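Thanks for coming. Please have the structure open.

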2 protein chains.
Amino acid sequence: MTDLLPPGSTVGILGGGQLGRMMALAAARLGLKCHIYDPDPMAPAGQVCDQITTAPYDDKSALEAFAQSVDVVTYEFENIPTDALDLIEAIRPIRPNRRALATSQDRLTEKTFLNELGLKTAPFAVIDSAGDLESALATTGTPAILKTRRFGYDGKGQARVMTTADGDAAYASLKGAPAIAEGFVEFSCEISVIGARSLDGSVVCFDPGMNAHSEGILRRTTVPAPLPNALRTDAVLLAGRILNALDYVGVIGVELFVTPTGLVVNEIAPRVHNSGHWTQNGCAICQFEQHIRAVAGWPLGDGQRHSDVEMINLIGDDIGDLPRHQNDPSSAIHLYGKAETRPGRKMGHVNRIVAPKG
Amino acid sequence: MTDLLPPGSTVGILGGGQLGRMMALAAARLGLKCHIYDPDPMAPAGQVCDQITTAPYDDKSALEAFAQSVDVVTYEFENIPTDALDLIEAIRPIRPNRRALATSQDRLTEKTFLNELGLKTAPFAVIDSAGDLESALATTGTPAILKTRRFGYDGKGQARVMTTADGDAAYASLKGAPAIAEGFVEFSCEISVIGARSLDGSVVCFDPGMNAHSEGILRRTTVPAPLPNALRTDAVLLAGRILNALDYVGVIGVELFVTPTGLVVNEIAPRVHNSGHWTQNGCAICQFEQHIRAVAGWPLGDGQRHSDVEMINLIGDDIGDLPRHQNDPSSAIHLYGKAETRPGRKMGHVNRIVAPKG
């Protein structure tokens with residue numbers, strides 16, 4: 001097997017949600033086939049891929065057959081069971097690599113990695129048991145947030161601590177899971193950099209976007225972010241350092257706080273990222289295509305932006321706004337093929353072209 | 001059934017080649033499912049659609065089941081047997097409509113329609129039998145081209161007549177098929193306009209591109225075409241007149257010759273068109289998405305161009321140039337998932353971003 005996968009090769013994707021679906025669409029453009037692995041028979045990516053395996057992540061024979069049928073394996077989410085990864089990795093390369101996954105799966109490992117790289121994070125302290133709570137909050141100060149070390153996303157597995165008196169109740173809500181306390185960071189805005197690194201070590205980043213959240217879920221990303229050029233460059237360089245330190249192959253999402261004393265890393269996601277969806281209509285090569293190029297061993301496309309874009313997530317009942325977006329001729333609509341609308345469920349997004357590149 | 005198909009609806013596509021494949025990818029972005037109908041079990045669109053029927057176009061029960069399973073039917077090629085269309089149309093709407101198909105399926109009907117609309121074509125004359133040859137060539141002059149009225153594409157079904165003495169041999173090569181003689185047009189270049197019309201009659205056109213052919217097959221399209229603004233506007237208005245006259249719904253390709261006395265229509269294609277592939281990386285809404293929006297009854301996106309693009313077809317062994325295109329970071333690569341390379345076969349195309357919009 002050569003490093004550069006030829007057209008007609010198959011990319012295996014763990015997870016068939018909207019990210020897997022958009023990766024599969026990008027792979028198809030490049031003449032590559034996709035085999036999706038997802039426990040859910042209604043997985044959105046199943047509508048657009050060449051092959052799908054519907055099986056749980058502990059089904060060893062399904063995992064083995066999946067790995068045998070593909071040329072390389074990637075994933076759309078970071079909480080993949082270790083045993084599944086071990087089994088797959090013995091058969092086919094996994095990109096991004098296991099270290100990138102291990103680092104981002106655990107908030108303690110991630111923050112330690114970032115600090116050791118000389119990058120700033122929020123102050124944090126480990127809480128292995130209730131006895132660690134007091135000293136942890138002394139380290140971070142209050143208010144603080146308790147977060148489970150693993151399996152958190154979209155604000156889940158988190159509890160606020162306004163004063164030390166709240167600590168016990170907040171910790172109890174995490175049900176004994178290994179956790180960290182995280183201090184608050186005073187920031188003017190959150191931005192993110194979507195970066196990519198190829199098998200030969202080249203790095204390409206997209207322009208940072210500014211993110212707006214509500215209820216722990218991303219709502220909007222605006223590009224360009226209203227930042228001085230020096231900060232924009234800092235953000236991109238910082239993403240490049242993370243990619244190189246992890247010997248990363250693929251696309252990464254790096255969330256950053258803009259503070260009076262510079263950039264603070266909030267978290268990293270070893271995959272395509274919701275805050276990079278704007279690239280589909282802001283760049284010739286979007287994050288999904290860039291990711292597939294990287295994991296297939298292809299050279300990267302450039303990250304040049306041709307338009308100013310506002311990405312608007314359609315969450316739950318936001319899908320009711322569809323007629324308004326359909327009637328805006330400068331809006332590109334992306335829907336995920338989910339039959340059922342539920343509160344908090346990501347149903348689609350819209351990339352509104354605001355202007356040619358400003 | 002309302003006119004505007006909601007997300008989750010199914011678009012039926014007759015033909016699963018590269019055009020069907022790229023329509024299916026666009027439909028997926030919009031949250032619509034696709035059901036492809038193609039006699040070839042290896043049809044490229046089969047790798048990316050929700051459902052595929054592999055059956056010939058005279059299989060009535062397969063056609064009926066196909067039509068029943070979808071909400072609207074469109075197509076990627078114009079030479080669909082009339083009986084198949086009759087059967088489908090009794091069950092589901094076909095867009096673009098039968099008149100658009102009938103007009104473009106027959107060169108005589110097409111040229112007559114265009115002339116009646118006040119648009120210029122090459123001089124032409126009908127040849128129903130060998131006895132018509134002499135008077136036909138007297139009408140068109142020589143050199144001329146004899147063309148079968150139906151089923152011609154990429155230069156097939158054509159024969160040149162340099163002098164009247166060549167006429168008999170040229171006509172014999174068409175094997176008695178109903179034909180026309182077409183006179184030569186002195187032109188400086190060929191351009192094409194990709195236009196779209198929605199169910200409510202709105203028209204949106206993309207910027208005209210300049211086409212370069214070789215051996216009867218499109219090789220390159222360059223956008224913008226080097227035209228004075230007045231001609232560019234003429235081209236777009238002319239496409240709009242054709243769309244309105246046919247009460248058209250969907251995307252059309254209109255090929256035009258640029259001559260010293262203005263624009264002459266070469267031919268129209270009632271479908272997405274190879275010379276519109278540049279829109280995938282030159283516009284926020286590409287021709288495939290625009291077509292699906294139209295046939296699904298959605299409002300159209302705008303046709304604004306954000307970049308200057310050169311579209312390069314990869315035909316047959318051109319696929320050997322893939323490494324060069326992969327190494328050009330400003331080139332977006334589109335491959336069609338065809339396993340076998342054959343001379344003259346369209347394997348993919350590349351959209352090279354030349355510059356932001358000039």
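The contact draws on 37 residues from chain A and 37 residues from chain B. Keep in mind that this is a predicted model. Between them, the two chains bury about 3000 Å², and 57% of that area is on carbon and sulfur atoms. On the chain B side, Arg29(B), Gln47(B) and Gln326(B) supply 20% of the area that chain B buries against chain A, more than any other three residues.

What about salt bridges between chain B and chain A? The count is zero. Polar contacts are another matter: the rule finds 13 residue pairs across the interface, both residues at pLDDT 80 or more.

Which elements of chain B supply at least two residues each to the side that touches chain A? They are helix H1 (18-29), helix H10 (287-295), helix H11 (322-326) and strand S16 (331-335). S16(B) gives the largest share of that side, with five residues. Sorted by class, the side of chain B that touches chain A holds 18 nonpolar, twelve polar and seven charged residues.

Now the sheet in chain B. Four strands make up an open sheet, ordered S5-S8-S6-S7 (chain B), with antiparallel pairing. Strand S5 (124-127) and strand S7 (158-161) of chain B are the edge strands, and each pairs on one side only. From one strand to the next, the twist averages 25 degrees.

Take one pairing in detail. Strand S6 (residues 144-148) of chain B pairs with S7(B) over four bridges in the antiparallel sense. There, Ala144(B) is opposite Val161(B) of S7(B). Helix H5 (residues 107-116) of chain B lies across S5, S6, S7 and strand S8 (179-183) of chain B, at about 145 degrees to S5(B). Helix H6 (residues 133-140) of chain B also packs on the sheet, touching S5, S6, S7 and S8 of chain B, and its direction makes about 170 degrees with that of S5(B).

Next, chain A. Its open sheet of four strands has the order S5-S8-S6-S7 (chain A), and the pairing is antiparallel. Why is one side of strand S5 (124-127) and of strand S7 (158-161) of chain A left without a neighbour in the sheet? Because both stand at the edges, each with a single partner strand.

For S5(A), four bridges join it to strand S8 (residues 179-183) of chain A, and the two run antiparallel. Within that pairing, Ile127(A) has Ala179(A) in S8(A) as its bridge partner. Finally, helix H6 (residues 133-140) of chain A lies across S5, S6, S7 and S8 of chain A, running at about 170 degrees to S5(A).

Note on methods: Residues are numbered from 1 along each chain as its sequence is written. Chains are lettered from A and ligands numbered from 1 in the order in which they are written. This is a predicted model: local features need pLDDT of at least 70, side-chain atom pairs count only at pLDDT 80 or more; totals for chains, interfaces and linings use all residues. Side-chain values use heavy atoms; hydrogens and water are left out. Contact means heavy atoms within 4.5 Å. Buried area is the accessible area (1.4 Å probe) that two parts lose on being put together, summed over both. A salt bridge is a side-chain nitrogen of Lys or Arg within 4 Å of a carboxyl oxygen of Asp or Glu. A polar contact is a pair of N or O atoms within 3.5 Å; within protein, one must be able to donate a hydrogen and the other to accept it, and residues adjacent in sequence count only if both atoms are side-chain atoms. Ala, Val, Leu, Ile, Met, Phe, Trp, Tyr, Cys and Pro count as nonpolar, Asp, Glu, Lys and Arg as charged, and the others, Gly among them, as polar. Two strands pair if DSSP finds at least two bridges between them. Axes are lines fitted to C-alpha atoms, for helices over the stretch in contact, and angles run from 0 to 180 degrees between N-to-C directions.
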